[in-house]
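Subject: Structure handover

Hi,

Here is the structure I promised to pass on. Please open it alongside this email, as my notes follow below.

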Amino acid sequence: MSVSRTGGVAGIRREWRIDVDGDGRADWILLLDACPWSTAEYATEAPAGPRGADRMTWTIAADGPEQARRAEVPEPELTGPWRELVDRVRRDGEPVAARGRALPREERPIRRRPVEPRGGA
């Protein structure tokens with residue numbers, strides 16, 4: 001299962017993933033079933049109209065053995081079971097590294113430039 005957030009001023013995409021197996025699976029299934037996947041507004045096959053500049057949109061994907069579910073939910077509508085699902089994936093899952101993300105400062109290569117003397121000395 002994955003959730004990703006896009007939009008905002010910088011348009012940066014962030015993503016979190018979790019593999020749901022074992023003991024907690026029943027709780028996840030209940031939470032997934034509580035989300036309104038079939039609502040045309042959320043189905044990714046039905047393109048939504050513009051929702052406003054710089055608004056966040058959440059893409060939620062749950063690939064199960066019986067059914068693959070996908071939805072795009074605008075930030076203002078991320079309430080109820082949608083909010084609970086996104087918050088739980090972010091809390092219990094792992095962030096996914098974005099392609100092209102800058103390296104943390106301590107991992108960047110050091111670039112040295114020649115120092116030019118001042119005043120011709």
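Is A97 buried or exposed? A97 is exposed, because its relative accessible area is 64%, and exposed means over 50%. A97 is found in the segment after β5 (94-96). The C-alpha atoms of A97 and R13 are separated by 9.9 Å. Along the chain, those two residues are 84 residues apart.

One caution before the rest: this is a predicted model.

Overall layout

The protein has two helices and five strands. From the N terminus on, the order is β-β-α-β-β-α-β. Of its 121 residues, 26% are buried. The exposed surface comes to about 9,100 Å², and carbon and sulfur atoms supply 49% of it. Take the contacts between residues at least 6 apart in sequence: 62% of them join residues at least 24 apart.

The start of the chain

S2 sits in strand β1 (residues 2-6). S2 has a relative accessible area of 14%, so S2 is buried. Leaving aside residues up to four places away in sequence, S2 touches E15, W16, R17, T59, I60 and A61.

The nonpolar core

The largest nonpolar core holds 20 residues. M1, W37, I60, W82, L85 and V89 touch the most other members. At least two residues each come from α1 (25-34), β3 (57-63), β4 (68-74) and α2 (80-92). The biggest contribution is from α2, with four residues.

L85 is worth a look in the viewer. Not counting residues up to four places away in sequence, L85 touches M1, W28, L31, L32, C35, W37 and I60.

In α1, W28, L31 and L32 are buried. Why are they on the same side of α1? They cover an arc of only 100° around the axis, which puts them on the same side of that helix. An α-helix has 3.6 residues a turn, so residues three or four places apart point the same way. The buried residues of α1 pack against β3, β4 and α2.

Aromatic pairs

How many aromatic pairs are there? The count comes to two. W16 and W58 form a stacked pair, 6.0 Å centre to centre with 25° between the planes. W16 lies in strand β2 (residues 14-17) and W58 in strand β3, so this pair ties together parts that are 42 residues apart in sequence.

W37 lies in the loop between α1 and β3, while W82 is in helix α2, so the pair ties together parts that are 45 residues apart in sequence. W37 is buried, and W82 is too.

Charges over rings

Two arginines are also worth checking. The charged end of R88 sits over the ring of W28, 4.0 Å from the ring centre. The charged end of R90 sits over the ring of W16, 4.5 Å from the ring centre.

Best wishes

How values were computed. Residues are numbered from 1 along each chain as its sequence is written. This is a predicted model: local features need pLDDT of at least 70, side-chain atom pairs count only at pLDDT 80 or more; totals for chains, interfaces and linings use all residues. Side-chain values use heavy atoms; hydrogens and water are left out. Buried means under 20% relative accessible area, exposed over 50%, partly exposed in between (1.4 Å probe, protein chains only). Contact means heavy atoms within 4.5 Å. A nonpolar core is a set of buried Ala, Val, Leu, Ile, Met, Phe, Trp, Tyr and Cys residues joined through side-chain atoms within 4.5 Å. The arc is that of the directions from the helix axis to the C-beta atoms. Rings of Phe, Tyr and Trp (its six-membered ring) pair if their centres lie within 6.5 Å; planes under 30 degrees apart count as stacked, over 60 as edge-to-face and the rest as tilted. A charge sits over a ring if NZ of Lys or CZ of Arg is within 6 Å of the ring centre and within 35 degrees of the ring normal. Accessible areas come from the Shrake-Rupley method with a 1.4 Å probe; for residues, only the protein chains shown count as cover.
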